[in-house]
Amino acid sequence: MTLRGRGILITNLGSPASPTPPAVKAYLEEFLMDPHVVTLPTPLRYLLVKAIARTRCHASAAAYAAIWTNSGGPLRDHAQQLAQKVRQATGLPVAVGMRYGEPSFAEAVNELREHCDDILVISAFPQYAKSTYASSVQCLQQVTHDISVHITAPYYADSAYIHAYRNLLAKHLASDVEHLLFSFHGIPEMHLRQTDESGAHCLRSKHCCDSAHPSHARCYRFQCLTTARLLGEGQAVPTSVSFQSRLGRAQWLQPYTVDRVKNLAQSGIKRLAVSCPAFISDNLETLFEIGHEARELFLDAGGERLDLIPCLNSSSAWVDRVVAWCRAPSESHVALTDA
């Protein structure tokens, strides 16, 4: 197959320019002002975001400082490492673009536009959510003109993605671990209802994800549970699911990770492993929220050890999957206008 003319855009959510309060404040304001993230009318969203950014920037900056590397934020580091390996394997132009912060989607698209007339976007989000996948699609639609753009569809059940994550578990799951927790990034329950076009299925019953329904094509909870089920098959230890990173007072998907790790410790689990399959790259939510905060909660509640399973990052199985996507015809991906 001839690949001439194709460029690859490796995406992710983004991170602050530096682990300082001003940089974190600017990042939080850009992130939270996205109407896909905070679904309030613009004036109310503006006031709320300004208050959150002002009150959280110092604590968030300290958290970022705890995980920062000499070359910058780990999320950007992993994206660049993945891009380099994909570039070497395919010979194609590969750029990195972040939904928030730098390098931006617009910068990455302009870089690729000089070398190609077709762009394949590698989404950083295995599961569909309006605050991640849908927001990225809309932003990309705004910065891509006169060029063909396709994007990977949500790959929460993709066999190669599952295989790559199982490789991580096989490599990093210690033989004495007593329980494996799959912690997914949380979203407000309201977001789930908003993406349910039927308006009558998602969260309408306790077992709404157990029966087939068209809404599952955009149901974050169903897709997370599916990923966890596929990863849990064949594991030698019990598994469970939780949701992390709750913000504000609204009801978010439950059970919350902070509650789950405490309950597991209190139930007698001494050695716990946590995997975060909603993320392809380690970041603040994995390295600090799980690796520091959740670990401390677990130990304080009576646990002895919490092992954080790394994300896919630029592991060989994940690079192989991305390279295979790069070599697939455009028809195998979703046109940006249809995503």
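Ground rule for my strand notes: I call two strands paired if DSSP finds at least two bridges between them. I also keep in mind that this is a predicted model.

**Entry 1: β2 and its partner**

I started with N12 and looked up its bridge partner in β2, which is M98. Strand β1 covers residues 6-12 and runs parallel to β2, with five bridges joining the two. Then I checked how covered β2 is. Five of the five residues in this strand (94-98) are buried, so I put it down as largely enclosed by the rest of the structure. I went through the faces too: V94, V96 and M98 are buried on one side, and A95 and G97 are buried on the other.

I found P93 in the loop between α3 (74-90) and β2. Buried or exposed, or in between, at 23% relative accessibility? The cut-off for buried is under 20%, so P93 counts as partly exposed. Leaving out residues up to four places away in sequence, I see P93 touching R6, G7, I8, L112 and H115.

**Entry 2: the five-stranded sheet**

I traced the strand order of this open sheet as β2-β1-β3-β4-β9, and the pairing is mixed. Its edge strands are β2 and β9 (334-335), each of which pairs on one side only. Further in, I looked at β3 (118-122) and β4 (148-151), which run parallel and are joined by four bridges. L120 has H150 as its bridge partner in β4. I also noted helix α11 (316-327), which lies across β1 and β3 and runs at about 140 degrees to β1.

**Entry 3: the four-stranded sheet**

Here I read the order β6-β5-β7-β8 in an open sheet with parallel pairing. Why is one side of β6 and of β8 left without a neighbour in the sheet? Because β6 (239-244) and β8 (305-308) stand at the edges, each with a single partner strand. From one strand to the next I get an average twist of 30 degrees.

Most residues other than glycine have a negative phi, and most peptide bonds are trans. I went looking for exceptions.

- The E102 to P103 peptide bond is cis, with omega near -10 degrees; I place P103 in the loop between β2 and α4 (105-113).
- The Q254 to P255 bond is cis as well, with omega near 5 degrees, and P255 sits in the loop between β6 and α9 (257-266).
- D146 is not a glycine, yet has a positive phi of about 60 degrees. I found D146 in the loop between α5 (130-143) and β4, exposed at a relative accessible area of 85%.
- L203 also has a positive phi without being a glycine, at about 65 degrees. Its loop runs between α7 (189-194) and α8, and L203 is partly exposed at 22% relative accessibility.

**Entry 4: a nonpolar patch**

Which residues make the nonpolar surface patch of about 240 Å²? I have L40, L44 and L48. L40 is in the loop between α1 (21-32) and α2 (42-67), and I log L40 as partly exposed at 35% relative accessibility.

Terms used. Residues are numbered from 1 along each chain as its sequence is written. This is a predicted model: local features need pLDDT of at least 70, side-chain atom pairs count only at pLDDT 80 or more; totals for chains, interfaces and linings use all residues. Side-chain values use heavy atoms; hydrogens and water are left out. Axes are lines fitted to C-alpha atoms, for helices over the stretch in contact, and angles run from 0 to 180 degrees between N-to-C directions. Patches are made of residues with over 30% relative accessible area and no salt bridge: like charges are joined within 9 Å, nonpolar side chains (Val, Leu, Ile, Met, Phe, Trp, Tyr) within 5 Å. Accessible areas come from the Shrake-Rupley method with a 1.4 Å probe; for residues, only the protein chains shown count as cover. A salt bridge is a side-chain nitrogen of Lys or Arg within 4 Å of a carboxyl oxygen of Asp or Glu. Buried means under 20% relative accessible area, exposed over 50%, partly exposed in between (1.4 Å probe, protein chains only). Contact means heavy atoms within 4.5 Å.
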